[in-house]
Amino acid sequence: MRYVVGTFRLILLFFLAILIFLVAVGLFPVLQHRTRAWYVKHLAPWITAVIGVRVTVKGSVPDPSAAAGIRDRGPGYLVSANHISFLDIFILDSILPVRFIAKKEIGSWPVFGPITTHVGTIYIDRSRKRAVLEVAEAMAAALREGTNVLFFPEGTTGPGDKLLPFYANLFAGAEPAGAEILPVTIRYTVNGETSTLASYAHETLGTVLKRVIFTPGVGAEVTILDPIPSVGRDRRELAAEASRVMAGALGWADATAEKERARSDRMRASGIRSADGETKTEEKPAEKTEAPAAEKPAETPAEQTPAA
């Protein structure tokens, strides 16, 4: 029976993909941001429903206008989420429409590429050294307009049962715009139990899609956490706090904190101190060398070995 249902879902998904493609390419270019966000928020749930993923949400977006797509007062939210599956984008768009950060190559994918381009994706060319700086500036500009921007600080696809260490670079886009970080976690389940089924960390998109569609009882649990102020805080501090609260919500290890502890241990083992932000080597006690009493000049002070 599940194969009959799965096949029916695949057929529906095919026609839904065509509809979304036509709307994105034909309609989105002429729509205002707010209207486009409305379409995104109302089309996204159809995708997860057709695929057969039941979405549950804990918490809520603090500003209802941001949940509608464009924040009326102040900058949009910089949404920090863990990345597990191609489904993440559709699930998050159904909660609060976002412009998301994606690798440049996605823009050239068949069907999906034009859709992501016309919903306002900010692409990053990872082959260029200045790419991160340019993307952070584009993020800040979008946030100032009241648009929500989503990025995945792990920088890659996770396995679905643990967090990976966060990269701090793109957190730099929040402070210039005065935007808050909105941490959001995603966990996929099968019959209520945490599952790696939806992860495409080591699988092709087609393989994962078929696996999800033909598996009954697939769910996605989304938790919206309290916003983190960014003003006056650097990117590393923001990354560390986002990782801490997201790991706590998921009940998983804080991989960013573990990485930082390992780095500190290596520094201590190498004789480097970082408490005051300076690099130092371990100091050795000063040694005092005295000549024998019969040979020591009367007025010569004791010599000390200078500290390293």
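Leaving aside its neighbours within four places in sequence, which residues is Thr121 in contact with? The answer is Arg99, Phe100, Ala102 and Thr116. Keep in mind that this is a predicted model.

- You can find Thr121 in the loop that runs between α5 (112-118) and β4 (122-124).
- Thr121 has a relative accessible area of 9%, and because buried means under 20%, Thr121 counts as buried.
- Its side chain reaches the backbone oxygen of Thr116 at 2.6 Å.

**Helix α8**
- Residues 235-250 form α8, a helix of 16 residues. From first C-alpha to last it reaches 22 Å, close to the 22 Å expected at 1.5 Å a residue.
- The buried residues in α8 are Leu238, Ala239, Ala242, Ser243, Met246, Ala247 and Leu250. They cover an arc of only 155° around the axis, so they sit on the same side of α8.
- Packing against these buried residues are β2 (78-81), β6 (181-190) and α9 (255-269).
- Just after the helix comes Gly251, which takes a positive phi of about 75°.

- In soluble globular proteins, nonpolar side chains tend to be buried together.
- The largest nonpolar core here has 52 residues, and Ile51, Leu150 and Val212 touch the most other members.
- A second, separate core has 30 residues, including Ala131, Ala142, Ala177 and Leu250.

Key: Residues numbered from 1 in each chain as written. Predicted model: local features only at pLDDT ≥ 70, side-chain atom pairs only at ≥ 80, totals over all residues. Heavy atoms only, no water. Core = buried A, V, L, I, M, F, W, Y, C linked by side-chain atoms within 4.5 Å. Buried < 20%, exposed > 50% of the residue type's maximum accessible area, 1.4 Å probe, protein only. Helix = DSSP H or I, 4+ residues; strand = E, 2+ residues; numbered from the N terminus. Polar contact = N/O pair within 3.5 Å; in protein donor to acceptor, adjacent residues only side chain to side chain. Contact = heavy atoms within 4.5 Å. Expected span 1.5 Å × (residues − 1). Arc of directions from axis to C-beta.
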